[in-house]
Amino acid sequence: INNFPANCIERFHKKRLENLYKYAFDKARKLFVIGDMMAIEFARYFDKKFYPIMNLIEFSNTARPIFQSTNNSMLTIVYAGGLHLNRWKMLLEFGQLIEKYCEATHIKINIEIYSAQEPAAKIRKQLEVRPLLFKGALYGDDLKNKLLKSDFLLHVESVENKYRHFTKRDK
């Protein structure tokens with residue numbers, strides 16, 4: 001919201017988008033956003049009440065879940081999320097780094113990718129090159145159990161300049 005547009009076309013587009021948001025927000029009975037920080041920022045910016053919902057699995061009343069890895073000979077890293085904004089490219093890059101690490105240390109690591117977004121065949125083929133394993137979508141308790149049984153959880157954001165303004169948070 002607070003990224004300053006670089007030129008007049010971007011300023012026009014930003015203002016038009018803000019007006020569209022304001023119009024939509026005025027028509028909505030309730031406004032939901034992904035999390036608490038976003039609710040605070042949007043409420044301050046748009047002068048409306050926003051309700052945070054999480055796009056993560058909540059572990060009810062468990063401050064720190066006990067992870068239950070079942071395979072000591074293989075480490076499992078799990079990514080559960082979207083492949084949009086070229087996040088799939090970051091997964092490829094991370095997979096290449098992990099593969100080099102595996103070759104150097106002889107440690108076996110899988111990176112399981114769970115996403116409701118079905119990638120194009122060309123991208124999916126790349127997401128199935130060791131140590132990456134594209135697994136498709138998981139929901140509800142199945143996703144929660146998979147996250148609990150993983151050794152590590154992975155979060156990625158696109159670092160491409162054309163997408164960074166979507167995910168970058170100004171200080």
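**Aromatic residues and surface**

Tutor: Phe42 is buried, and Phe46 is buried as well. Keep in mind throughout that the model is a predicted one.

Student: Which residues of helix H2 are buried, and against which elements do they pack?

Tutor: Helix H2 spans residues 36-46, and its buried residues pack against helix H1 (8-27), strand S1 (32-33) and strand S2 (51-52). The buried residues themselves are Ala39, Glu41, Phe42 and Phe46.

Student: How many residues apart are Phe42 and Phe46 in helix H2?

Tutor: An α-helix has 3.6 residues a turn, so residues three or four places apart point the same way. Phe42 and Phe46 both belong to helix H2, and about one turn of the helix separates them, that is, 4 residues.

Student: What kind of pair do the rings of Phe42 and Phe46 form?

Tutor: The structure holds 9 aromatic pairs. For the rings of Phe42 and Phe46, the centres are 5.6 Å apart and the planes stand at 55 degrees. Planes under 30 degrees apart would count as stacked and those over 60 as edge-to-face, so this pair, at 55 degrees, is tilted.

Student: What kind of pair do the rings of Phe42 and Phe50 form?

Tutor: Phe42 and Phe50 are both buried, and their ring centres lie 5.5 Å apart. Their planes meet at 85 degrees, and because angles over 60 degrees fall in that class, the pair is edge-to-face.

Student: Which residues form one aromatic cluster with Phe42?

Tutor: Phe42 pairs with Phe46 in a tilted arrangement and with Phe50 in an edge-to-face one. The aromatic cluster that holds Phe42 also includes Tyr21, Phe25, Tyr45, Phe46 and Phe50.

Student: Which lysines lie over the ring of Tyr51?

Tutor: The charged end of Lys30 sits over the ring of Tyr51, 5.1 Å from its centre. A lysine at 5.1 Å from the ring centre of Tyr51 is also Lys49, which lies over the face of that ring. The residues asked for are therefore Lys30 and Lys49.

Note on methods. Residues numbered from 1 in each chain as written. Predicted model: local features only at pLDDT ≥ 70, side-chain atom pairs only at ≥ 80, totals over all residues. Heavy atoms only, no water. Buried < 20%, exposed > 50% of the residue type's maximum accessible area, 1.4 Å probe, protein only. Helix = DSSP H or I, 4+ residues; strand = E, 2+ residues; numbered from the N terminus. Contact = heavy atoms within 4.5 Å. Phe/Tyr/Trp six-rings, centres within 6.5 Å; stacked < 30°, edge-to-face > 60°. Lys NZ or Arg CZ within 6 Å of the ring centre and 35° of its normal.
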